[in-house]
Amino acid sequence: MITIIEVVRRKPGLSVEQFQRYWRDTHAAKVRALPGVRRYVQSHTLLSGYAKRMPACDGVAELSFDNIEAVRELATTSELAAVKRDRDECVDVGSRIEIVTEAVVIKDGAIPADGVKNIELVTRKADMAAEAFHRYWIDVHGPLGGSIPQVLRYVQSHTCATEYRDDRAPALDGVALTWFTDTGAMRDAARTEQYRRTRADEDNFLTVPLDFVITKEHVVIG
């Protein structure tokens, strides 16, 4: 499964509530018409995340396909053109980030029905090769993050190797997705020894501090 991840900010002039309503109700309907889509998820930044500062983004979209060929077949369709036109109505296109990823499930727990989803935007250390980074993230850091008791599910979305061809540097090396019962559980997690060890390990392979948002997940397709 290949997943295109979009990190978006709302179009200037839209309130958070206007953006979320349009993105969830109007734009999602356009995406539903795309051929070959197996799963489409919008994660909306919690309104409480705007209380003290501007969050890293207003939302993150995950659009999944069987394989990269299905993505290529979509590229010239009228349905995709309609989605792109409509996206301009709610998204600040200039700040949009898109990466093509493959998911690695670290902790295969159930997604809570009314839980929260923490999304971390991941970039490797400047002096670390991409292949070494991805292996370290899975083999070393993954078990540390998965050991945090309050984490119900943990998925690493790794930027595909093709995104690094010809010395290209993708905007992100991946996205970390973790699910919790609620924000109270997240605060409890931050007080654990497992959390402390997980955070301490980040200096070994990541550019820190990580940008992140706490979100509510809306499954549109899947």
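The second largest pocket holds about 370 Å³ of space. Of its 21 lining residues, Ile4, Leu63, Leu80, Arg96 and Glu98 come closest to the centre. A pocket here is an open set of points on a 1 Å grid over the protein atoms alone, where a 1.4 Å probe fits and protein lies on both sides within 12 Å along at least five of seven lines; lining residues have an atom within 4 Å of a point. Points are joined across faces, edges and corners, and the volume is the space filled by probe spheres set on them.

This is a predicted model, in which local features need pLDDT of at least 70 and side-chain atom pairs pLDDT 80 or more, while totals for chains, interfaces and linings use all residues. Residues are numbered from 1 along each chain as its sequence is written, and side-chain values use heavy atoms, without hydrogens or water.

Strands E1 (2–8), E3 (59–65) and E4 (97–107) and helices H1 (16–32), H2 (68–74) and H3 (78–87) each supply at least two residues of this second lining. Helices (H or I, at least four residues) and strands (E, at least two) are DSSP runs numbered from the N terminus.

Now look along strand E3, where you will find Ser64. Ser64 is buried because its relative accessible area is 7%, under the 20% limit (1.4 Å probe, protein chains only). Beyond its neighbours within four places in sequence, Ser64 has contacts (heavy atoms within 4.5 Å) with Met1, Ile2, Thr3, Gly36, Val37, Arg38 and Arg39.

Finally, turn to the largest pocket, with about 850 Å³ of space. Helix H5 gives the most to its lining, four residues.

Key: Buried means under 20% relative accessible area, exposed over 50%, partly exposed in between (1.4 Å probe, protein chains only).
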